[in-house]
Amino acid sequence: PEGLAALHAANGDPALPAIGHAYMDALRRRFEQPDGLWARRYDFSPARTVPNQRHTRGDGWAMEGLIASYELTKDAKYRDLAVKMAAHLLAAQHSDGSWSYAFDQPAAAVGLSEKGTALWSLLFYRLHALTRDPAHLRAARRALTWCLENQYTGPDREGHGGIIGITFQSGVTYRAWFPLACSYTSAFFGLAALEELKFLSAPKN
């Protein structure tokens, strides 16, 4: 959906929103759940839906698709679904702006999600651009502040600016409980910072 939305913004091809509808609605039939979250995955053999696991980073990928689908099609259902999903993350955000790896569990049990916190900072900025809900802006800024305050500044200069994570999924699957900085965490952090700068420079009515 993000690729289709970017392409449509560039060339205005009227066929692209219909393609986006068809693609996203096919996913919704398999993954969307009544509470607004999405299933973790769908297995075709045997045919079964694996329930949502309150995975902060994983739910962010579905949120990206919903926001991009609204930007592509301007169909309010995608915006409303994004708001419904975001309500779970609003309720689970820690006072310092971060989220746990599994957002419904304490960080002491599952660790913090530095990847998810950077991603959801960006997503809440993008959602606020659609809703103008001050709660979405507050969540985005709190998460961005956490990222700013948790940048690596230690002796390894190549790691400067990264955000260190250490959980049972530190290296996603290959290096558990090892402190490392993920490049896409830094990318989402940087994109969120750009959204804040855009917001500050935008004309105020």
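**Close-up views of side-chain contacts in a predicted model**

**Figure 1. An aromatic cluster.** Trp61, Tyr184 and Phe188 together make up one aromatic cluster. The structure shown here and in the other views is a predicted model.

**Figure 2. The stacked pair of phenylalanine 31 and tryptophan 38.** Eight aromatic pairs are found in the structure. In the one shown here, the ring centres of phenylalanine 31 and tryptophan 38 are 6.1 Å apart and the ring planes meet at 15°, so the pair is classed as stacked. Planes under 30 degrees apart are counted as stacked. Tryptophan 38 has a relative accessibility of 8% and therefore counts as buried.

**Figure 3. The tilted pair of tryptophan 99 and tryptophan 120.** The ring centres of tryptophan 99 and tryptophan 120 lie 6.5 Å apart; with the planes at 50°, the pair is tilted. The pair links distant parts of the chain, 21 residues apart. Tryptophan 99 belongs to the loop between helix 4 (76–92) and helix 5 (107–110), whereas tryptophan 120 belongs to helix 6 (residues 114–131). Both tryptophan 99 and tryptophan 120 are buried.

**Figure 4. Arginine 30 over the ring of tyrosine 42.** The ring of tyrosine 42 has the charged end of arginine 30 sitting over it. The distance from that charged end to the ring centre is 4.5 Å.

Figure 5. Zero disulfides turn up in a search of the whole structure. For cysteine 147, the closest cysteine sulfur is that of cysteine 182, at 12 Å, which is too far for a bond. A disulfide would need the two sulfur atoms within 2.5 Å. Cysteine 147 is buried, its relative accessible area being 1%. Cysteine 182, with a relative accessibility of 13%, counts as buried too.

**Figure 6. The salt bridge between glutamate 2 and arginine 126.** Side chains of opposite charge can pair when their charged atoms come close. The structure has 12 salt bridges. In this one, the side chains of glutamate 2 and arginine 126 meet with an N to O distance of 3.0 Å. Glutamate 2 is partly exposed, with a relative accessible area of 36%. Arginine 126 also counts as partly exposed, at 22% relative accessibility.

**Figure 7. A network of salt bridges.** A network of salt bridges links Asp25, Arg28, Glu32, Asp75 and Lys77. One of its salt bridges joins arginine 28 to aspartate 25, with the closest N and O atoms 3.3 Å apart. Arginine 28 and aspartate 25 are three residues apart in helix 2 (residues 16–31), and therefore about one helical turn separates them. Both arginine 28 and aspartate 25 are buried. In another salt bridge, the side chains of lysine 77 and aspartate 75 meet at 4.0 Å, N to O. Lysine 77 counts as partly exposed, with 29% relative accessibility. Aspartate 75 is likewise partly exposed, with 23%.

**Figure 8. The surroundings of serine 100.** Serine 100 is located in the loop between helix 4 and helix 5. Its relative accessible area is 0%, and so serine 100 is buried. The side chains of serine 100 and histidine 94 are joined by a polar contact of 3.0 Å. Leaving aside residues up to four places away in sequence, serine 100 touches Thr56, His94, Gln105, Pro106, Ala107, Val110, Gly111, Leu112 and Ser113.

**Figure 9. Glutamate 149 and aspartate 96.** Glutamate 149 is found in helix 7 (residues 134–149). With a relative accessible area of 60%, glutamate 149 is exposed. In sequence, glutamate 149 and aspartate 96 are 53 residues apart. In space, their C-alpha to C-alpha distance is 10.0 Å.

Definitions and conventions: Residues are numbered from 1 along each chain as its sequence is written. This is a predicted model: local features need pLDDT of at least 70, side-chain atom pairs count only at pLDDT 80 or more; totals for chains, interfaces and linings use all residues. Side-chain values use heavy atoms; hydrogens and water are left out. Rings of Phe, Tyr and Trp (its six-membered ring) pair if their centres lie within 6.5 Å; planes under 30 degrees apart count as stacked, over 60 as edge-to-face and the rest as tilted. Buried means under 20% relative accessible area, exposed over 50%, partly exposed in between (1.4 Å probe, protein chains only). Helices (H or I, at least four residues) and strands (E, at least two) are DSSP runs, numbered from the N terminus. A charge sits over a ring if NZ of Lys or CZ of Arg is within 6 Å of the ring centre and within 35 degrees of the ring normal. A polar contact is a pair of N or O atoms within 3.5 Å; within protein, one must be able to donate a hydrogen and the other to accept it, and residues adjacent in sequence count only if both atoms are side-chain atoms. Contact means heavy atoms within 4.5 Å.
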